[in-house]
Amino acid sequence: MTVREITETQRYVGLSTDTKPTGVPVGSTFWEYDTKLLYKCYDGTLWSVWLEDILATGTFTTSSATVPADTGRAEATNYWNGCFLIPLTGTVINQPRLIRTFTVTTGVFTLDTAFTAAPGLVAYAIKLGGFDVNVTDIETELAKVPKSDA
């Protein structure tokens with residue numbers, strides 16, 4: 001790739017399901033407000049997740065669309081809850097998925113929404129999710145709220 005000076009960019013906002021624009025200045029950004037992910041256009045047409053807020057990287061040791069795993073992770077159980085898991089290569093490259101739970105004993109990431117296919121044993125990144133929540137704790141607390149008959 002030839003080094004290019006970025007002198008003009010455009011900023012876009014939309015849903016993750018929206019088609020990203022083409023024919024834009026190099027360095028333009030697209031903010032997915034539903035996933036809280038920022039993409040950068042590196043050639044005027046193709047977009048990549050901007051990896052500014054990367055917390056960790058690794059390689060999947062188990063390939064699954066719903067519960068991929070990395071047995072090399074040593075963080076505490078639920079440490080990654082609320083963050084995004086993003087495959088960096090393979091058939092589901094750049095498909096960010098919210099981590100519902102992380103289990104240290106198995107290295108399993110339980111995802112909120114499945115990848116469109118099993119990612120394979122590929123490199124991934126964990127990106128800040130924009131909020132620090134424990135989804136399981138929220139569901140537990142919501143279950144305690146009395147139901148209305150209205």
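Author: The answers below go from the whole chain to single residues, and the model is a predicted one.

Reader: How much of the protein chain counts as buried?

Author: Buried means under 20% relative accessible area. The protein chain has 150 residues. Of these, the buried share is 37%.

Reader: What part of the accessible surface belongs to carbon and sulfur atoms?

Author: The accessible surface of the protein chain comes to about 8,600 Å². The share of carbon and sulfur atoms in that surface is 55%.

Reader: What share of contacts with a separation of 6 or more joins residues 24 or more positions apart?

Author: Contact here means heavy atoms within 4.5 Å. Take the contacts in the protein chain with a separation of 6 or more. Residues 24 or more positions apart account for 51%.

Reader: In what order do the five strands of the open sheet stand?

Author: The pairing in this sheet is antiparallel. The twist averages 40° from one strand to the next. The order of the five strands is 5-9-6-7-8.

Reader: Which strands stand at the edges of that sheet?

Author: An edge strand here has a single partner strand, so one side is left without a neighbour in the sheet. That holds for two strands, residues 54-59 being one of them. They are strand 5 and strand 8.

Reader: How many bridges join strand 5 and strand 9?

Author: Strand 9 covers residues 123-127. I54 stands opposite K127 in strand 9. Strand 5 and strand 9 pair in the antiparallel sense, and the number of bridges is five.

Reader: Is K127 buried or exposed?

Author: K127 is found in strand 9. Its contacts beyond four places in sequence include L37, W50, D53, C83 and F84. The relative accessible area of K127 is 3%, so K127 is buried.

Reader: Which residue in the turn between strand 7 and strand 8 has a positive phi?

Author: Strand 7, residues 97-103, pairs with strand 8 in the antiparallel sense over four bridges. T101 stands opposite T110 in strand 8. The two strands form a hairpin with four residues between them. The turn residue with a positive phi, about 70°, is G107.

Reader: Which residues make up the covered face of strand 8?

Author: In a regular strand, side chains alternate between the two faces of the sheet. Strand 8 runs over residues 108-111, and V108 and T110 form its uncovered face. The covered face holds F109 and L111.

Reader: How many salt bridges does the structure hold, and which pairs form them?

Author: Side chains of opposite charge can pair when their charged atoms come close. The structure holds three salt bridges. K20 and E32 meet at 2.8 Å, N to O. R73 pairs with E75 at 2.9 Å, and R100 pairs with D112 at 3.2 Å.

Reader: Where do R100 and D112 lie?

Author: R100 is partly exposed, at 22% relative accessible area. D112 is partly exposed too, at 41%. The pair ties together parts that are twelve residues apart in sequence, because R100 lies in strand 7 and D112 in the loop between strand 8 and strand 9.

Reader: Are K20 and E32 buried or exposed?

Author: Their salt bridge has an N to O distance of 2.8 Å. The pair links distant parts of the chain, with K20 in the loop between strand 1 and strand 2 and E32 in strand 2. K20 and E32 are buried.

Reader: Which residues form the nonpolar patch on the surface?

Author: The patch has about 310 Å² of accessible area together. One member lies in strand 1, at residues 11-14. That residue, V13, counts as exposed because its relative accessibility is 61%. The patch is V13, W31 and Y33.

Reader: How far apart are G23 and T45 in space?

Author: G23 sits in the loop between strand 1 and strand 2, and G23 counts as exposed because its relative accessibility is 70%. Leaving aside neighbours within four places in sequence, G23 is in contact with G44 and T45. G23 and T45 are 22 residues apart in sequence. Their C-alpha to C-alpha distance is 5.7 Å.

Methods: Residues are numbered from 1 along each chain as its sequence is written. This is a predicted model: local features need pLDDT of at least 70, side-chain atom pairs count only at pLDDT 80 or more; totals for chains, interfaces and linings use all residues. Side-chain values use heavy atoms; hydrogens and water are left out. Buried means under 20% relative accessible area, exposed over 50%, partly exposed in between (1.4 Å probe, protein chains only). Two strands pair if DSSP finds at least two bridges between them. Axes are lines fitted to C-alpha atoms, for helices over the stretch in contact, and angles run from 0 to 180 degrees between N-to-C directions. Patches are made of residues with over 30% relative accessible area and no salt bridge: like charges are joined within 9 Å, nonpolar side chains (Val, Leu, Ile, Met, Phe, Trp, Tyr) within 5 Å. Accessible areas come from the Shrake-Rupley method with a 1.4 Å probe; for residues, only the protein chains shown count as cover. A salt bridge is a side-chain nitrogen of Lys or Arg within 4 Å of a carboxyl oxygen of Asp or Glu.
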